[in-house]
Every structure is written in C-alpha cells, then in structure tokens.
Amino acid sequence: MSGYPATHFCKQCSQETPHSEILVRKTSSYDTDRSLLGRVKLMAHTFINGGHYYDMDRYVTCKVCGRKEKDNWGNEFE
Ligand SMILES: [Zn+2]
C-alpha cells in the first residue's frame, strides 16, 4: 500500500508528524484449528487476503518523539 500518507497526529508532539507503521497479525480462529482442513483454510485465507490489512493490528510510531500507539481503523477507542 505504497503512497499511503505516513503522517499521523501525535498527541505528544501535538501535531501531524511522520510515522512508521507496524502491522501485527491478529490471531484468528484458524490458528487454533490444527486439522489439515484448518491449515488449508488458513493458507487460503492468508493467500486471499495476502497483501491486505485484513486481521491486522496497526501500530504507528512517531518518528519525532518515538511515541507508539495502536491505530486500528474505526477502533481507535477500543
Ligand atoms: Zn511525537
């Protein structure tokens, strides 16, 4: 997803600052399914959603002050 503006409002800097993004994959029900079918489904799931931000937790780190915060779309106040 190149071209996505990597700026974010930093509460500590009180302004829009450059941020780096870190994506951490959420665990899903597929991870606990150890059957062959479960693994196939996980592979298919991963393939179909490959390169997309599906089931990912997104963290942004301020490059100015180093503040890190979770920044999931629509779940900012979760
Ligand atoms: Zn900052």
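Colleague: How many bridges join S1 to S2, and which way do they run?

Modeller: A word on pairing first: two strands count as paired if DSSP finds at least two bridges between them. Here 4 bridges join S1 to S2, and the two run antiparallel. Cys-10 stands opposite Gln-15 in S2, and Thr-7 stands opposite Pro-18 in S2. By the way, this is a predicted model, where local features need pLDDT of at least 70 and side-chain atom pairs count only at pLDDT 80 or more, while totals for chains, interfaces and linings use all residues. Residues are numbered from 1 along each chain as its sequence is written.

Colleague: And what counts as a strand or a helix?

Modeller: Both are DSSP runs, numbered from the N terminus: helices are H or I with at least four residues, strands are E with at least two. By that rule, the protein has 1 helix and 4 strands. Reading along the sequence, you get the pattern β-β-α-β-β.

Colleague: In which order do the strands sit in the sheet?

Modeller: The 4 strands form an open sheet in the order S1-S2-S3-S4, with antiparallel pairing. S1 and strand S4 (68–70) stand at the edges with a single partner strand each, so one side of each has no neighbour in the sheet. Neighbouring strands of this sheet are turned by 45 degrees against each other on average, direction ignored. For such angles, axes are lines fitted to C-alpha atoms (for helices over the stretch in contact), and angles run from 0 to 180 degrees between N-to-C directions.

Colleague: How many bridges join S2 to S3?

Modeller: There are 7 bridges joining S2 to S3, and these strands run antiparallel.

Colleague: Which residue takes a positive phi in the hairpin of S1 and S2?

Modeller: The general idea first. Most residues other than glycine have a negative phi. In the hairpin of S1 and S2, with 4 residues between the strands, Ser-14 takes a positive phi near 60 degrees, although Ser-14 is not a glycine. Ser-14 is found in the loop between S1 and strand S2 (15–25).

Colleague: Is Ser-14 buried or exposed, and why?

Modeller: You count neighbours: a residue is buried if 20 or more other C-beta atoms lie within 10 Å of its own, exposed if 12 or fewer, and partly exposed in between, with C-beta atoms placed from the backbone. Ser-14 counts as exposed because it has 8 C-beta neighbours inside 10 Å. Phe-9 counts as partly exposed, because its count inside 10 Å is 13. You'll find Phe-9 in strand S1 (residues 7–10). The C-alpha atoms of Phe-9 and Cys-62 are separated by 8.9 Å, although the two are 53 residues apart along the chain.

Colleague: How many residues of S2 are buried?

Modeller: S2 is hardly covered: among its 11 residues, the count of buried ones is 1. In the protein, 5% of the 78 residues count as buried. His-19 is in strand S2, and it is buried because 22 other C-beta atoms lie within 10 Å.

Colleague: Which residues does His-19 touch?

Modeller: Two residues are in contact if their C-beta atoms, placed from the backbone, lie within 7 Å. Leaving aside residues up to four places away in sequence, His-19 touches Ala-6, Thr-7, His-8, Val-60, Thr-61, Cys-62 and Lys-63. His-19 and Cys-65 are 9.9 Å apart in space, C-alpha to C-alpha, and 46 residues apart in sequence. Across the protein, 57% of the contacts between residues at least 6 apart in sequence join residues at least 24 apart.
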